[in-house]
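This briefing concerns a predicted model. The points below are grouped by topic and should be read beside the sequence and the structure.

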Amino acid sequence: MENACPRMPRGFSIHSVRSPSGRKVSPVIPPNLYHEIGRGLGVEVDALDRATAEVARLTAQGAYPILSLAHLAHETGASYSYLREVVSRTRDPYRSIAVPKATGGVRPISAPEPILMDVQRWLLGHVLDKLTAHPASYAYRREVSIVQCATQHQGARWMVKMDLHDFFGTVNEASVYRVFRRLGYRKLLAFELARITTRAEGAHSASWRARTAAIPNYAVAGVGVLPQGGPTSGMLANAAAARLDVFLQSLALSRRLTYTRYSDDLVFSGRSTFQRSEAQSLAAEATGLIRKAGFVVHRAKTRIVPPGARKVVLGLLVDGSVRLLPEHRRRIEVHLRGCEENGLARHAAHRGFDSVFSFINHLDGWIAFALGVERERAMDWRLRFHGILEHEGLPKLGG
């Protein structure tokens, strides 16, 4: 893998020149000033020319100009040696956490350590914000909610619901590398960015092993996959699944159906009546397209929802207006009534929470979710909850 851009001296950046007053005046240093500063630091003219040409190329493509791993270290504040350890896989900068699922079992989370978390957040805000999601994909997008996704299926008569198995774990570093290449970054840097945003777990394919073997320090036995818990994983997974969305959207349109994907949750719906055999055929064809796109169907979670059955998308009822499930309303009402009658501590203990504060966060989360669905009802719940907290001498949450 080539790296056309030279490593610049420590503290020398292509970004953020400041005026004498200290005010930031430009996101990218003008080439003439860049050359002047670089020459003053002893950088060769050829190296400066290559760097300014690369910045111009990336800027023209709409990509945030990053020249090398050392440049990324300067921009993010991480040390170059730390990033090299992450890229070479000599350091595992993640903590494995098992989070209990509401439906039983646990969800494995890979939480980046603080330095890597900051680097990934920087990449999310400066690099991955240039990615555009497929219109049928609703997760991990600013100002896009599950309500908007569920609304697409409002009033559906038939529904086919499918689930992707190990969605993040299926997206490996080769797929992530291709995302960074599409953004415009050169091969070596795209590879390094892919390593920074994945965690080593699986086995290499032969073709990817051949690519990484060109850099002895970067050749390792395992291949990285997106960590569930990394700030960049959602947007990178969406980008890697763009081909999947194209396939399934085309399939849906060919049958006059609606298709949405919210992370690993796939839904097809239609307003017209069709036979169960047609729904089964749709699910079978979708399964083949999902496999073709490099993903795997969780077969146990494929469901055909016929007319007359309750239509639920992402935990919301869509048979009519989009609204909360009755059991979700009851859960909030039961918690509020229990607190009002017995106090926070007794109710939290009775319901099996580890502490009063874990219960407060739990109920506050449910009310916050409800605010985006049934605002008037949820505002009443929030007022009651604030009254409970005030009675207990605790601060209000959520405004």
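Four strands form an open sheet in the order E8-E9-E5-E10, and their pairing is antiparallel. The edges of this sheet are taken by strand E8 (258–262) and strand E10 (303–305); each has a single partner strand, so one side of each is left without a neighbour in the sheet. From one strand to the next, the twist averages 15°.

**Strand pairing and the helix across the sheet**

- Strand E5 (residues 158–163) pairs with E10 in the antiparallel sense, and 3 bridges join the two.
- Helix H13 (residues 276–292) lies across E5, strand E9 (265–270) and E10.
- The angle at which H13 runs to E5 is about 30°.

**The two sides of helix H1**

- In helix H1 (residues 31–40), the buried residues are Tyr-34, His-35 and Gly-38.
- These residues lie on the same side of H1 because they cover an arc of only 100° around the axis.
- Asn-32, Glu-36 and Gly-40, on the other side of H1, are exposed.
- A residue counts as buried when its relative accessible area is under 20% and as exposed when it is over 50%.

**Surroundings of helix H1**

- Helix H2 (45–60) is included in what covers the buried residues of H1.
- Gly-42, which follows H1, has a positive phi, near 85°.

Notes
Residues are numbered from 1 along each chain as its sequence is written. This is a predicted model: local features need pLDDT of at least 70, side-chain atom pairs count only at pLDDT 80 or more; totals for chains, interfaces and linings use all residues. Side-chain values use heavy atoms; hydrogens and water are left out. Buried means under 20% relative accessible area, exposed over 50%, partly exposed in between (1.4 Å probe, protein chains only). The arc is that of the directions from the helix axis to the C-beta atoms. Contact means heavy atoms within 4.5 Å. Two strands pair if DSSP finds at least two bridges between them. Axes are lines fitted to C-alpha atoms, for helices over the stretch in contact, and angles run from 0 to 180 degrees between N-to-C directions.
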